[in-house]
Amino acid sequence: MRDTALSYDFGGRSQRRGVIENRLGGTVALGTARSEIRQALKGASSWSQLLPVVQGLASEDVDGAMVDMVHRAVERLDGAADVRLAYLSDQTLDPLSRHVAAHAAMDGIRLGSYVGPYDQHFQEVLDPASGLAAFDPDVIFLNLSLGFLAPPLVAGFLDLSPDDRRAAITDVISHLRSWADAACERTRATLIIANFPRPLHPAAGIADSSLDCGEAEFHAELNLALLREFRSHTRVSVLDIDLVLARVGRERALNPRMAYLAKMPWDEVALPELSSELLRYVRAVRGDIRKCLVLDLDNTLWGGVVGEDGVWGVRVGDGDAESRAYADFQRVVKSLMRRGVVLAVCSKNNRDDVVELFEAREDMPLRWDDFATVRINWEHKHLNLQAIAEELNIGVDSLVFVDDNPVECEMVREMLPAVHTILLPEDPAVRPGLLRGLAAFETLRITGEDVAKLAQYRQNAARAATLNQAGDLTAFLEDLDTRVVLEQAAAQHVPRVHQLFMKTNQFNVTTQRYSVADVESFLDNPDCQLRVASVSDRFGDLGLVVQYLVRLDGEVGVIDSFLMSCRAMGRGIETALMNEIKRELLDSGRVQRLEARYVPTRKNAPVRTFFDDQGFERIEEDNEGNCRYRLDAAQAAGLACPGITVEKRYSEE
Amino acid sequence: MQDGLRSAFADLFGLDESEVTEELTPDSVDLWDSLNHLRLITALEEAFGIKLTMAEIEYMMGSVAKVREVLERHGAGQ
């Protein structure tokens, strides 16, 4: 059951490696049972039947024919996909789309695919009757070759003057820009634009470096211009396909025979890596992102056992090769923290030894204060992982757990399958690279809230400690002095607002997920009140943590969404904001009544009685727990919320 | 060899071996597209230790009989 580097690419489906449970309930060994897998794939008539079959496949068993089988099985199913990904290109991308769909299924994502006709990326977005328009993609991948965009460059690079080459860069970028503008206007998709791989050998040979705008310079400038053009664009990301091909090996990844015979630029050997890269974007667009990295200590953060080898005996720092590898591993952990991943420790150890080690070993990149929470004891790890999730107020399915011990990993996988458990390979040399390549924490952009997250979790710990001292909740809340700044959402809030829509699971009454395009459309719509609230208290700043969307429909205000980050829960902010909604809409006579819904999910039990608590009347409940509420102006009353001050920074129309 | 070609063909193109006849063409087999054709070529090259030219590969995308004809020319048909 030991993981290989390859299997990390596709997330947490390693639990059942080696066997699959077929739909009859029996288990069959892989390799000997290709035809049985085929039968199981063919027989699966629903996503829930298909999922255990595909998740049981080990990545080394997934060759081209297997990819096609899985892809066909997914396409055969009725019902809606989780995410729809469209491909537009001047080249053959069908094989890539099949690989992506198959790997997505192995990762638990039901992906719908659409491959547009050659060379028609503009027509597809502009024509309301196009296949793309009917498909209504969540994500569009645009991959155009230089041979298509600028034929003279490829036909005879050296025939062009340096100025012509530079002009070609401007032309290519402006072509892509106008396509992106059109696609943003006509679709609601997130756009992924591939950059341009360099030729394996420059036309001028080693003299290329002496040329004014030689091929190396040209490609560097072109790809740089592409990055800069879209860097701050909220709906466009640039996919570094040149880098992905380099990871596979460009010589292997490019197959001229495929290119000439099938207009397909890449060898099949490159498609798993390309799929894995595209799925990082798909997951980020879906908001399928883990939040917390939980680390073992001995033989994970350092070599050796602190209880036996002593504070100065464990291997980490500038010493020997192994020490340097462990130090690098810590540096990668630290960079994950810098991009917003919350760190925690879960270790069987003596706490005093560990505290002493962190104090003494200043040559370690990680510091004790970098961890939002620490569980060092002799309890079972799955119990500690549960406690960590509870303390941070997140689900166990937001955790990634890293350990070097196969038994510990197996036990966590067994007891808490929702945790993404990673068993480290034995060689410390390969571990830093493995952690850098981890797909579980990918986000499209890093917001200010991400960077400040650790400080906020630590402040939460301080708040909890104060509550323990104070004992009396009302006195504690008054002492906390919570300040809420309420604003009308505007363009600068879009990345954070989108992130909250995608990531908030617990305090979320309808769990409506909205794309960036949806969020942008709310800003301009006079019938949509999208309000955002930033919170601070005497311990610090929590950032933008609450938002709600009210749709005005004549005499009715419909509460479409009301959600709050878990770190702001439990102090009555929701009541203060609901008071504002009642006042602004009902008391003013703007609408006659409010309507609201509660849509139950596996995670939003904390808000099950939210509207009841706020004085709404429950007018309907079905047997799945979906509730509808209303509140008439005559019944509306503000509720007490001690210790909270709301400052409004917008004018009511 | 007959069984080898048949089973490789059946696996790649999602057919039962009994369905693989000499008359099959890309038009009559849904999955016989250029990618799967190249997968078939790679499998045959590896299985028989031969190297096919682009012209042969294009010719073979005509029918099962044409695939067999080229293989026999390489002495791989027996």
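Helices H1(A) and H3(A) are roughly parallel to each other, a class that covers angles under 35 degrees, against over 145 for roughly antiparallel, 65 to 115 for roughly perpendicular and oblique for the rest. This is a predicted model, in which local features need pLDDT of at least 70 and side-chain atom pairs pLDDT 80 or more, while totals for chains, interfaces and linings use all residues. Residues are numbered from 1 along each chain as its sequence is written, chains are lettered from A in the order in which they are written, and side-chain values use heavy atoms, without hydrogens and water.

The two helices are DSSP runs (H or I, at least four residues), numbered from the N terminus. Their axes are lines fitted to C-alpha atoms over the stretch in contact, and angles run from 0 to 180 degrees between N-to-C directions.

| Helix of chain A | Residues | Packing angle of the pair | Axis separation of the pair |
|---|---|---|---|
| H1(A) | 34-43 | about 15° | 9 Å |
| H3(A) | 64-76 | about 15° | 9 Å |

The residues in contact (heavy atoms within 4.5 Å) include Ile37(A) and Leu41(A) of H1(A) and Met69(A) and Val70(A) of H3(A).

Between the chains, 18 residues of chain A are in contact with 19 residues of chain B. The buried area, meaning accessible area (1.4 Å probe) lost on being put together and summed over both parts, is about 1400 Å², with 53% from carbon and sulfur atoms. On the chain A side, Arg38(A), Arg257(A) and Leu261(A) lose the most area, together 40% of what that side buries.

Across this interface the rule finds 4 salt bridges, each a side-chain nitrogen of Lys or Arg within 4 Å of a carboxyl oxygen of Asp or Glu. Arg257(A) also forms a salt bridge with Glu45(B) (3.0 Å, N to O).

Key: Buried area = accessible area lost by both parts, 1.4 Å probe.
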